[in-house]
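This report examines salt bridges, a helix packing contact and backbone angles. Please keep the sequence and the three-dimensional view at hand while reading.

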Amino acid sequence: MKEQRKKIITAEIEHWRRSNLLPSQYCDFLLNLYTEGEAAGRDARDEASTGIEALPAFTIPRFEIRWFGFALLMVVLLYLAFHFTDFTLTMQMTLIGFLTLLFYIMGFMKEKSSLSSHLFLGLASMLLALAGIYALGLSKYPHSAIILYLGAACIIWYLTGILADKRYLSFCALLGLQGVYGWFAYYKLYNQFTWWQMEAFWIPIAMILIVLGLLWKRRQEKTSAILFFSGIVALFGAELESFFVPEAGNDVLLYLLYLKTFSASFFLLSLKNFWWGWFSLQQPLR
C-alpha cells in the first residue's frame, strides 16, 4: 500500500513538472523527499543517457516587437524593390542613401558579435557599391569613373571593418582595391602585353602587403592577418588578370601558376608559426 501511494505521488509530481505547474527545482525536491533520493539517481542516469532535455516538436511563438519590426521592414523593402523603377532618379538615390545610412547606423548600434550587426553592415556595404554603379551607369559616366567610385567604396568598407571589428569586410575591401588596381593595369597593358610588365605591376603590391602583415602582427594581429593573406592573393594577380588578355599564352600562364603555387606553399609552410596562431587560437578573420 505504501509503494502504491508513493507511485501515485511521484506520478502527480511528474505531471506538475510536465505541465509547468511548479518549477522543476521544486519538483526535484519533492521527488527526492518522497522517494528518499531514488529520483536523483534516476534523473542522473536519464541525463547521462539522453544528454539533453527533450524539447517539444511544436510550440506557439510568442509575440515579440523586434520580430514584428523585422517582418515590417522586410515588407517595406520588398515593396520598394518591386516599385523601385517607378521613382525618379533623384528619389531613387535619396532612398538608397537613406537606407544605406540607416543600415550602417543599425549595424554599429548592435552588439559586434550579433548576427543582426553582420547583416546590417553587409547590406549597407552592398547598397553603397551597387547604388553607385547604378547611378553612374544611368548618368552615362565612363567606366573609369565607376571604377574610381568602387575604389572609394572599398576604402569605406575597409574603415567599416576596422571600426566595427568585422575584419572580413576589410579583407573584401582589400580584394576590391586589388580589382580596381587590376582594371587599370589591364587597360594599361592591353595593347602592349608582356609578362614581365604584368608581373611588375603585381609582385611589388603583393610584397608590400605581405611585409606590412609581418610587421604589423605585434601591434594589431587581426589587421596583420588581412594584410598578409591579401598579399598572398595579390601574388597571383598577374595570372588571374591574364585570363582576360588574349595575347597571354596558356603555356606560360600554366608554368607561372605552377611556380607561384609552389613558392607560396613553401612560403606559408616556412611561416606556419607566424600565421597558424590566427586559427589555432580561434581568431579567424571576422
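## A buried alanine

Ala225 is buried, because its relative accessible area is 2% and a residue counts as buried under 20%. The model discussed here is a predicted one. Ala225 belongs to helix α10, which spans residues 221-234. Between Ala225 and Leu212 there are 9.8 Å in space, from C-alpha to C-alpha, and the two are 13 residues apart in sequence.

## The packing of α8 and α10

Helix α10 packs with helix α8, which covers residues 167-189. The two axes lie 10 Å apart and form an angle of about 30°. The helices are therefore roughly parallel to each other, since angles under 35 degrees are placed in that class. The crossing in which α8 passes α10 is right-handed.

Which residues of α8 and α10 make the contact? On the side of α8 they are Arg167, Ser170, Phe171, Leu174, Leu175 and Gln178. On the side of α10 they are Lys222, Thr223, Ile226, Leu227, Phe229, Ser230, Val233 and Ala234. Eight residues of this contact are nonpolar, four are polar and two are charged.

## Three salt bridges

The structure contains three salt bridges. One of them is formed by Asp165 and Arg167, whose closest N and O atoms are 3.1 Å apart. Arg167, which also takes part in the contact between α8 and α10, is buried, with a relative accessible area of 5%. Asp165 is likewise buried, at 14%.

Another salt bridge joins the side chains of Lys260 and Glu199, with a distance of 2.6 Å from N to O. This pair connects distant parts of the chain, as Lys260 lies in helix α12 (residues 250-270) and Glu199 in helix α9 (residues 195-215), 61 residues apart. Are these two partners buried or exposed? Lys260 counts as buried because its relative accessibility is 9%, and Glu199 is buried with a relative accessible area of 12%.

Taken together, Glu199, Glu239 and Lys260 are linked in a network of salt bridges.

Most residues other than glycine have a negative phi. Which value does phi take at Lys140? Phi of Lys140 is near 65°, a positive value in a residue that is not glycine. Lys140 is situated in the loop between α6 (115-138) and α7 (143-163). Lys140 is exposed, because its relative accessible area is 72% and the class of exposed residues begins over 50%.

Asp165, the salt-bridge partner of Arg167, also has a positive phi, of about 60°, although it is not a glycine. Asp165 occurs in the loop between α7 and α8. With a relative accessible area of 14%, Asp165 is buried, whereas Lys140 is exposed.

Technical notes:
Residues numbered from 1 in each chain as written. Predicted model: local features only at pLDDT ≥ 70, side-chain atom pairs only at ≥ 80, totals over all residues. Heavy atoms only, no water. Salt bridge = Lys/Arg side-chain N within 4 Å of Asp/Glu carboxyl O. Buried < 20%, exposed > 50% of the residue type's maximum accessible area, 1.4 Å probe, protein only. Helix = DSSP H or I, 4+ residues; strand = E, 2+ residues; numbered from the N terminus. Axes fitted to C-alpha atoms, helices over the stretch in contact; angles between N-to-C directions. Parallel < 35°, antiparallel > 145°, perpendicular 65-115°, else oblique. Left-handed = near helix turned anticlockwise from the far one by under 90°. Contact = heavy atoms within 4.5 Å. Nonpolar A, V, L, I, M, F, W, Y, C, P; charged D, E, K, R; others polar.
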